[in-house]
Structures are given as structure tokens and as C-alpha cells.
Amino acid sequence: MTKMTLAKALNAGLRKAMEADPKVLLMGEDVGKLGGVFRITDGLQKDFGEDRVIDSPLAESGILGTAVGLAMRGYRPVCEIQFDGFVYPAYDQIVSQVAKIHFRTHGHVRMPMVIRIPYGGGIGAVEHHSESPEAQFAHTPGLKVVTCSNPVDGYFMIQQAIASDDPVVFLEPKRQYHADKAEVYESTPLADAQPLFTSRVVRAGSDLTLLAYGPMVKTAMKAAEAAAGEGRSVEVVDLRTLSPLDLAPVYESVRRTGRAVVTHEAHSNLGMGSEIAARITEHCFYSLEAPVLRVGGFDTPYPPSRIEEEYLPDLDRVLDAVDRTFDF
Amino acid sequence: MSELLAPTPTGGPDFVQLLTPEGQRVEHPEYSFDVGEADEAEVVRGFYRDMVLTRRIDTESTALQRHGELGIWAQLLGQEAAQIGSGRALRPQDYVFPTYREHGVAYCRGVDPLRLLGLFRGVDQGSWDPRQNNFANYTIVIGAQTLHATGYAMGVQRDGAIGTGDPERDTAVIAYFGDGASSQGDVNESFVFAASYNAPVVFFCQNNQWAISEPIERQSRIPLYQRAHGFGFPGVRVDGNDVLATYAVTQAALQRAREGNGPTMVEAYTYRMGAHTTTDDPTRYRMSEELEKWKLKDPIARVKVYLTRNALADQDFFDEVETEAEQLGARLRDGCKALPDPSPLSIFDQVYVEQTDELAEQRDGYAAYLETFEGAH
């Protein structure tokens, strides 16, 4: 057992995956000597060599496109996109090639690839460094999309994503990288960890179901704590997987609580919350006491960092939505 | 055509030609037609046969589109030498990343021509297993496959399958693309990656002068092969209508890659004698006299002249090839019409290696819906 941050946990998980399978390669900008701008790949090139930890030219489509070829040759590339807002040059390769090759080839060619993207705001960064593009990938058949919220999940989920034979977009909440430490039991066999494409109830409650993922799980937990002070019992679900969604535990919860709020940093319009609200409505219609409410980033470009706290859903905006569901 | 981009009429160092449009063998200081132990005349007869059959695949498929049996067809008419010359230079372990027009290369790799039709008939999006012939599925997004080729070549490097001296192990990768694709970011990124890692890949550009309606001058102010130098690897222009020269140049480039000496760009200077696809109408944007000029450089005619004039093939041979082409045409006509439509439910099956519950649920829902129709069985 080691106490570690999310950044360290991801690093340890990557190391373990590379030890387990010599076909696993890391590639991206500055992932080698520098260890990545967030140091997630720190020390890995030194230990695994330049052939397995590949400093790529500064071209995101190039990274993803060559990863397709490496996968066709039998490798398992783990691509790092340096920041969320830089993924778009690679969007064509991801959406038109990575996501479709298995389908196009009738399963003859697999794309066992992980696309790691640090995402989300709250770090005072300049434009293009704080975005939440998850819905754009979750909308694409052929991709799987997951996100971790804490060091323990980070450690196991990155290994599970690498072991997956389907392409996985792995979203890492960058403001959590160095935020909190947690005890990670590294000796736990991967098979005993919670399956990758499943959600988890992280706090039990009976009055309302609050759904969050990635960076917003921490905010949701605080909101539940604050609500408890006002006599409201909020159940919190960490969704963990965005495509496929694992909503069976959510339906079970909402049937008990009758109320649901979904929160994410991404824009509300056609965000994950829209799909989740639709599905909850479809599956729990007769149990709902109020419409499913969404608390997301506004439908504006991500703002200058001095006012990003206004844009990001916070404790008060989540609680406000919780309150509003009791007005119906 | 701009003089700047055109090769010198008599060939020269930037235009490798070994067989003139008039069917004359000519020497080149760097490249020669070397078939090793094989009988040269037999190899040339083989190229002739390959090109005639490839042209038949093309004309037959064009006709099938005209008869409504294919939704669309991407014609290669005029590019047979570029494809057969390069395709025949490949070894079994080499790997090909084609566009959607590489019917001649597919034929060289042993892909059943009937399988090419699935994509264009709309019954399939990739009907051959790439692993069987080391021939990837057709890529429609322009230039995307050049990065796949480069990545595959990086994998070849990591497997130690270059520079061993073992002719059955050392492996090259070839990426096909066109003059239009040379403007794509992915193609330029693939040049950067291949140069940076010295990857064993050959960038084979068929410059057929037209990207649908846009002439080569819209894509480049310099001959395309010269771009390679700016990326740090050699580029060579070859008469793409000369099957002997294309074979020689591609063979050298592939061998260079297999030996671990990195990428080469080959610009096969050719001409798209047909339309971009069967939906295109080239009379709207190009002069018919241009086509007439290129018809004089026909890749097949010059080989026939060469074989005949030098008594390397007799009429029986040409008749046999013609009969074979007729048989192939008939097989394509019958086979195309017999290609089955996929079952509607099959679209759910190969989205993922590990099926998701939500997609399985969608599939089951649609299956149940289909069951509600009378005569569903």
C-alpha cells in the first residue's frame, strides 16, 4: 500500500501495464525525458527506453495516425494528448479511423489503444487548456470513454483501459492530479479491481441522486455533505464510464430517491447530462418527483481564467439545483 | 500544364523512364530494370497481362456502375503501370496502405477483385481481411492512411524486421496517395514522423494531375517529389505510365527501406484518363486535347509495342490475355450481382471487440421491432 496522488497513481499504473505487456508503448509530446508536462510519464522512458516511450513530433493527428499503424502491427499504444483543447487536430483520426476500423474490417483489425487526455479547468490556465470534450467522444460509436476521479481509480482504470481490446479515451481530471493523496493497494490483482465500464455509488442517500464524474466528484461529495447539514440525504454516484454508460445503479437509486441532478464541467447543451437525463426519464418516469436537472458549464467558450470559478459548477450551484428539485 | 511542374520531355534525372511511349527501351544512369534470376521477357509479359486484367477490372466495374449494380466506382484508367509496377515490386511480408483507387495493387496482392466491389456496391466497408494479403482496407479520408503506414513501419522497426539481410524477413511498408492528398496535413505529418524515426516506408504518390477538378498547380508550385528533400529524405519522379521504370524505382525504394535506410518518396507521374469517380464529369473542367495527348502515352500500348516489335510475345499470347480478361469480366458481372446485402442486425456486431450492454439492448430492441412485421421470417 502506498499513499499517492492521482498523478503518481497514473504513473504507477502505466509502469505496471508496461511491465505486464512488452507491446504497450507510450507516445506523445514531451512524454520522454520531461515525463510529460504534468509528469504522468515521469521516469518511464529512462526505464523502458526510447522505443517504448516515444517522444513524438508536435503533431496530434500524427500521434494518433501512427498509433493506428502500430496497433495494426500488434502494439498497444497509449497516446498522450497534452491538453484537452489540443485534441482536435487528431479528431479526424480518432473519429474516422480509430473508432471505425474494427467495424469496417468485420473485427479483423482491432484498435487496442488508449488516448489519455488531461481535461477540465480550475488550474488558472490560458485558453484551450481547460476544456471538457468528453461528449464529443462519447457521441462516437466505436470509442469507449472513461474518467477517473481519484488516485485508486486512476491506478486501476488506466491498466484496465490498456488491457481493453477496444479504443478507450481516458480522461484525466487535471486539477485533481496533485490535489489529494489516497492509499493505493498496488498488490491488488487487476482482476479484483472494480470492472472498468461500471459506475459506483460513492455516498449513500435517500432524498436525491447526484451524478458526477472526474473533477466534479469532489464537488458533489462536498455538496452532499452540505446538504446533509440541511437535513437532506444525497446519494452520490461517480459515473466513471461515459461510454458505455452504466446507469443501472443510477436507476435503482433514482427509483428510491425520486430526484436526480447531473453535474459536469462541460457545456450543458448536449452534454453528458442531456443523455443521462433522457435515459433516467425513460427508465424511472413513474418514480420521478421532479425533472432531472443539469448543472454544467455555461454554453460559452471556456472563459479567461480569472473568472473561471464563475463558469465552473461549484458547491452553491449544485446545491441550488438540489433545492430546485424540491420545488416541484 | 505548367512548365514548372512538368518533366523535361526527354526524361532526365528528375524523370526516370526505361520504356518510352513508343515502346523503346532506354537507359537511366541510376535505375535499371533488374528482375534477378527471372526471365525478363516473361516478367514483362506478366506485367502486360496484369495491366490488361487490371484495366478490365476497372472498365467492367465502371460498366457495372452504369448499369446500377454499383453505387459508385473510382476509376484507375491510365494508372495501370504505376500500380502494377509498384505492386509487383512488393514482397509478401511488405505491407500496403492503399487509397480507394488501388485496384491494380490489390490485384497484385492477391485480393479477389470481386471483393473490391463490395465497398462500391454498398454491401460492405472493408470486405477483405487485411492480414491475409498485408493489404489494408481502402481508406476514403484523403491521406489518413499515410500515417497508418508510418506507424506500421515504426512497428516493423520495433520488431527488428529491417536491416537483418534476410530477404524473407526484412520488411517495407508502402503508402499510396495522390497529388491532391499531398496538400493534406496527415500526409505532411507522416513525412515528418517517417523522417524523424527513419521509418521503413515508401510514400508512393500517383500524381494523376487532377484532384477531382483541381489541377496539380492548385496543390503545388514545385514538382511533388521535390518536397521530400525538405523533409530530409530522397524523392524521385518516375514515368508512372512506364511499368518497367515504376517497378525499378519502387523496388529500389522498398529495398532501401528494408535495409533500414529510411523513407523515400516516389512520385509516379501519370494521368487519370477517366473521371475521378463515376459521378464526376471531367468535361466541365479539362480540355479533351489534354486527354488525347496522354492517350499517346498509354501504359499498356507501349508494352504491347515493345513485346511485339522485339518478338517477345506472339499473337497467341495476346489472344490468351484477352480471353482471360473476358472471363474475369464475366466473373465480375455475375459475382457483383450475387453479392448479398448485409443483414440489418449485423451492424451492431462489430462496433466493439467487447460488446456493450447498451448496444446489445439497442440491437435486441431493433430485432424485436423487426419481428413485428409480417413475414419477418
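Guide: Happy to; here is a close look at a helix pair within chain B.
This is a predicted model, in which local features need pLDDT of at least 70 and side-chain atom pairs count only at pLDDT 80 or more, while totals for chains, interfaces and linings use all residues. Residues are numbered from 1 along each chain as its sequence is written, and chains are lettered from A and ligands numbered from 1 in the order in which they are written.
Our pair is helix α4 (residues 113-121) and helix α13 (residues 315-338), both of chain B; helices here are DSSP runs (H or I, at least four residues), numbered from the N terminus. Their axes come within 10 Å and cross at roughly 40°, where axes are lines fitted to C-alpha atoms over the stretch in contact and angles run from 0 to 180 degrees between N-to-C directions. That makes α4(B) oblique to α13(B), since angles under 35 degrees count as roughly parallel, over 145 as roughly antiparallel, 65 to 115 as roughly perpendicular and the rest as oblique. The crossing is right-handed, meaning that the near helix is turned clockwise from the far one by less than a right angle.
From α4(B), the contact draws on B:Pro113, B:Leu114, B:Leu117 and B:Arg121. They meet B:Leu328, B:Leu332, B:Gly335 and B:Cys336 of α13(B), with contact taken as C-beta atoms, placed from the backbone, within 7 Å. Sorted by type, these residues are six nonpolar, one polar and one charged; Ala, Val, Leu, Ile, Met, Phe, Trp, Tyr, Cys and Pro count as nonpolar, Asp, Glu, Lys and Arg as charged, and the others, Gly among them, as polar.
Elsewhere in chain B, B:Gly78 sits in the loop between α1 (40-66) and α2 (80-87).

Technical notes:
Helices (H or I, at least four residues) and strands (E, at least two) are DSSP runs, numbered from the N terminus. Two residues are in contact if their C-beta atoms, placed from the backbone, lie within 7 Å.
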